[in-house]
Structures are given as C-alpha cells and as structure tokens.
Amino acid sequence: MYKTDISVKIASAKFKNPVMPASGAYDYFMNNANVFPMSELGAIMIKSVHRLERPGNPPRRITEVTGGMLNSVGLPSIGIENFLKYELTRYENMGTEVVLSIAGSEQKHYREVLEMLNDNPIVSAVELNFSCPNVGTGLAFSSDPKVLADTLREARPATKLPLFVKLAPNVTDIKPIAKAAEDEGADAITVSNTWKAMKIDINTKKPVLGNTAGGMSGPAIKPQNMLLVWNAYDTVKIPIIASGGISSWQDAIEYFMAGASMVQIGSQNFVNPMCMVEVIAGIDDYLAANGHSGLSDIRGISHRG
C-alpha cells in the first residue's frame, strides 16, 4: 500500500499509518463530506463520549480568528450508556482502527466508562480526555500531576485496551504532567488539546462565544504545541501523538522530527476535507524521496547530536 513503513504500534494496537482526526473534528456518517473512504485513515477517532448525558455549551459555539478558530462546544454527549446501546456498533467494519475518546467530570467517571465499555472488540484503543474540567477544582485533570496520576491510577485497571492520555496545553511545564501519565500506565500521550482563548465582538461589545472563552486550534498554535511535543519526548519513553495546527504533510514531518509517533488533524478538516489523506501520501512520499525506510528513521531525529 505504501512505499515505506509508516505503520505505528502502540501496545496491542497497530495502525497502518500515523494519521487520525482529532477528537470532535470529524464526522463519519451523515454529516461527512464523504470525499474518501474511512479505511484510508490510520484510525478513526470518536468524539469524546461523556460518562453522563450533557447538553454542551450555549451558542455561539464556534468562531474564526486569525490563524485558526475558537470552539466552545462544551462536550455535548448522549452519555456512555446510550452510546454503547445505539452508536458504537455503527463503527464496525470501517476498515481501520477505532479509537474512543472518553470524558468525565469526576475522577471515578473514567473508570466507570471503561468498566462499561468492557474492552469491546470494536475499539482498538481509548483516549482519556484529561483536558476536561474537574468539578472538584474547576481545572483540567491534566493540569496537575497528582490529579492526573490519581485519576489514571483508578482507571488503568478497568481495561486491557491501550490508553492514550490527552493533555491540556495550558500548564507551566508539560514534563511532570507527561511523566505522571507514563508512570501510571498510559500507553501514549496526546499532546495536546486546544489553548484557552476568547474573542470580543466590537459591535455588540460582548464576547463572541456563548461561554465567553473557548479553545483555540489551527495553524497559529503549531509552534507552541511543537515545543510541548519536543519537551515531552525528552521526558517520556512512551509514544507521543501530536495534535495542533497540522495543515500539511510538512507539518506532520516536523512533529515526527520533534518526537511524535502519530498525528491528529482537527480544524484543517473544515478547511480542506482531503487534508488527512494528502498528509498520509505526503509523509510516505517524503520518506521515500529522502531514502528512509520508515517513520522510525526520522522520529525524534532533531534531538540527535
């Protein structure tokens, strides 16, 4: 299928290529532009399913900004019970791996969701969205190494599936956060979610988003997330899944050189529906053109002396 080996193995999950959507940034069914088969992706990522039913944030939920977009969707969810009953089977036989993102408001929610999922064979891996606010502190579960460690320590025994821990970028230092995830059994870390931001409408003189603040994604955040990936790679031995500002295969190559094993593409899917398959082809072409046999040749290469 490819000129080079662009497959990636994370614990028991094997991905034929290193590209997947970011959680919440792609639809696989009626709202999909259907411009390419889902089987071309390394994995499909299901939007975060919350332990509880949630309506999400009030509108307006999305707005454009220079260099990207802001979203304040607020994780609307039908809840894990309804998802397992009505939705999960729709992802069977899609020709690629399925990664389920899960979310919660309390530490116990992650363990409870994993117990209910019961290592369902449709799912190849689970991404724990630790960017969600903890109702106890109001901060993201990944904002504090101890909170992250306590939450992951409780959740890890509930599944044999590979666990990816998705980190929030709004921290003083990503290194102790990443290390806490590794120490408590994460199989990979996703670096990272959107950056907190806001926009004001100068005509109404009020915040544009209904929830005042939102998360910024898009090309403008790539240099910031690149540094997070770089620092995480210096800290942990587990794979890193890079997310943030990827618009082209060149962006993906840069992340691999910084230490990433896989990449997630989010807001660019709204701009260019073919972005992910173009990135997959571009990665393979670049490796072949530069005499590399596979991704492992360039992963973390910029750290080498």
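**Panel A. D251 is buried, with a relative accessible area of 11%.** Here buried means under 20% relative accessible area, exposed means over 50%, and partly exposed lies in between (1.4 Å probe, protein chains only). The model is predicted: local features need pLDDT of at least 70, side-chain atom pairs count only at pLDDT 80 or more, and totals for chains, interfaces and linings use all residues. Residues are numbered from 1 along each chain as its sequence is written, and side-chain values use heavy atoms, with hydrogens and water left out. D251 makes a salt bridge with K222, with the closest N and O atoms 2.8 Å apart. This pair links distant parts of the chain: D251 belongs to helix α6 (residues 249-258) and K222 to helix α5 (residues 222-233), 29 residues apart. A salt bridge here is a side-chain nitrogen of Lys or Arg within 4 Å of a carboxyl oxygen of Asp or Glu. Helices (H or I, at least four residues) and strands (E, at least two) are DSSP runs, numbered from the N terminus. K222 is buried as well, at 13% relative accessibility.

**Panel B. K222 also bridges to E254.** Their side chains meet in a salt bridge of 2.7 Å, N to O. Again the pair links distant parts of the chain, K222 in α5 and E254 in α6, 32 residues apart. E254 is partly exposed, at 36% relative accessibility. Elsewhere, salt bridges that share partners join K146, D150, R153 and E184 into one network.

**Panel C. K3 and D285 form a salt bridge.** A search of the whole structure finds 14 salt bridges. In the one shown, the closest N and O atoms of D285 and K3 are 2.6 Å apart. D285 sits in helix α8 (residues 275-289) and K3 in the segment before β1 (8-10), so the bridge ties together parts that are 282 residues apart in sequence. K3 is exposed, with a relative accessible area of 60%. D285 is partly exposed, at 36%.

**Panel D. Five aromatic residues form one cluster: Y26, Y28, F29, F36 and Y91.** The structure holds nine aromatic pairs. One of them is Y26 with Y28, a tilted pair at 5.6 Å centre to centre and 55° between the planes. Rings of Phe, Tyr and Trp (its six-membered ring) pair if their centres lie within 6.5 Å; planes under 30 degrees apart are stacked, over 60 edge-to-face, and the rest tilted. Y26 is buried at 15% relative accessibility. Y28 is buried too, at 7%. R90 has its charged end over the ring of F29, 4.0 Å from the ring centre. For this contact, NZ of Lys or CZ of Arg must be within 6 Å of the ring centre and within 35 degrees of the ring normal.

**Panel E. Y110 is buried, at 0% relative accessibility.** F141 is likewise buried, at 0%. The rings of Y110 and F141 have their centres 5.3 Å apart and their planes at 85°, so the pair is edge-to-face. It links distant parts of the chain: Y110 in helix α2 (residues 107-117) and F141 in the loop between β8 (125-129) and α3 (145-155), 31 residues apart.

**Panel F. Four strands make an open sheet in the order β5-β6-β14-β11.** The pairing is antiparallel. The edges are β5 (62-65) and β11 (195-198), each with a single partner strand, so one side of each is left without a neighbour in the sheet. Neighbouring strands are turned by 40° against each other on average, direction ignored. Axes are lines fitted to C-alpha atoms, for helices over the stretch in contact, and angles run from 0 to 180 degrees between N-to-C directions. Strands β6 (residues 68-71) and β14 (residues 213-217) pair over three bridges. M69 has S217 of β14 as its bridge partner. Two strands count as paired if DSSP finds at least two bridges between them.

**Panel G. Strand β15 pairs in the parallel sense with β10 and with β16.** Strand β10 (residues 188-191) joins β15 over three bridges, with V191 partnered by A242. Strand β16 (residues 262-265) also joins β15 over three bridges, and there A242 is partnered by V263. From β15 (residues 240-243), I240 and A242 point one way, I241 and S243 the other way, and all are buried. β15, α6 and β16 make a right-handed β-α-β unit. Right-handed means that, with the strands pointing away from the viewer, the path from the first strand over the helix to the second runs clockwise.
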